[in-house]
Structures are given as structure tokens and as C-alpha cells.
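Hi,

Here is the structure I promised you. Have a look at it first, then read my notes below.

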Amino acid sequence: MKALHTEKAPAALGPYSQAIKANNTVYLSGQVGINPSTGKMNNENLETEAHQVMKNIGEVLNAAGLGYKHIVKTSIFLTDMSRFSEINVIYGSYFSKPYPARETVQVSALPAGAQVEISVIAVPD
């Protein structure tokens, strides 16, 4: 098991790793819309925040030598399920078929005042 880290994504907000590689699988911790350059939440609107989340995921994947096409499973956490269709459009713009398996759940709150958090599991081809 190996911890993965990149300065191009936000540092962990607690005692966890950005990602762990175990055998041939990479498990990414949930990413929120923190801009790694400023350390502040990039949440002027949901679209901006969701794109920042996906960019953060991309940077952690890149540190593992992977990309979005290697994602096999995602978990999306939203504070407002009525925004599901908005998130779906943004999320979907980062993928092509076959799409990863996924669940989306509403939660009462997320770290750092985030509206959306996404965690992923990825494997090389």
C-alpha cells in the first residue's frame, strides 16, 4: 500500500491521504472545490465548484499516472439533491462511454462549506 500526494490538489483536511494505491487499484479520498493555489473554496457558484472538484480529482489521478478514463466507480455527495441535473451535466463532461459506476446521495453538510464532494476508485487499463 502506498500513499499518493500532489501539491496540485488540496492538502488533506484531516488524517487521511489524497489517495492510496493498493495492489493495482487507486482509491481517491473525496475532493471538494478547494483551489490548491489559494487554499480557499472555489464556490462562487455550483458550476465553478463542481469543475474545481473534477480538476482536483484529475490532478490526484495524474499523480498516480492515471486519468479520468481509468475511473471505475464514483461517489457523489450533494448538499442539495435538487441540483442533481446541474452536477450531472458538469460531471458527465469529464467522461465518455463506458461511464463509471456511481451513486449520488444527499448529505446535510460537507467539509469547508462545500456543496459537492466526489470520491473515486480508479484502475489502470
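Where does P98 lie? P98 is in the loop between α2 and β7 (101–106); helices (H or I, at least four residues) and strands (E, at least two) are DSSP runs, numbered from the N terminus. The peptide bond from K97 to P98 is cis, with omega near -5°.

Before going on: this is a predicted model, where local features need pLDDT of at least 70, side-chain atom pairs count only at pLDDT 80 or more, and totals for chains, interfaces and linings use all residues. Residues are numbered from 1 along each chain as its sequence is written, and side-chain values use heavy atoms, with hydrogens and water left out.

Most residues other than glycine have a negative phi, and most peptide bonds are trans. N23, in the loop between β2 and β3 (25–31), has a positive phi near 55°. A112 has a positive phi too, about 60°, and sits in the loop between β7 and β8 (116–122). N23 is exposed, at 79% relative accessible area, while A112 is partly exposed at 48% (buried is under 20%, exposed over 50%, partly exposed in between; 1.4 Å probe, protein chains only).

T6 is buried, because its relative accessibility is 11%. You'll find T6 in the loop between β1 (2–4) and β2 (19–22). Leaving out residues up to four places away in sequence, T6 touches Q18, E59, V60 and A63, where contact means heavy atoms within 4.5 Å.

Cheers
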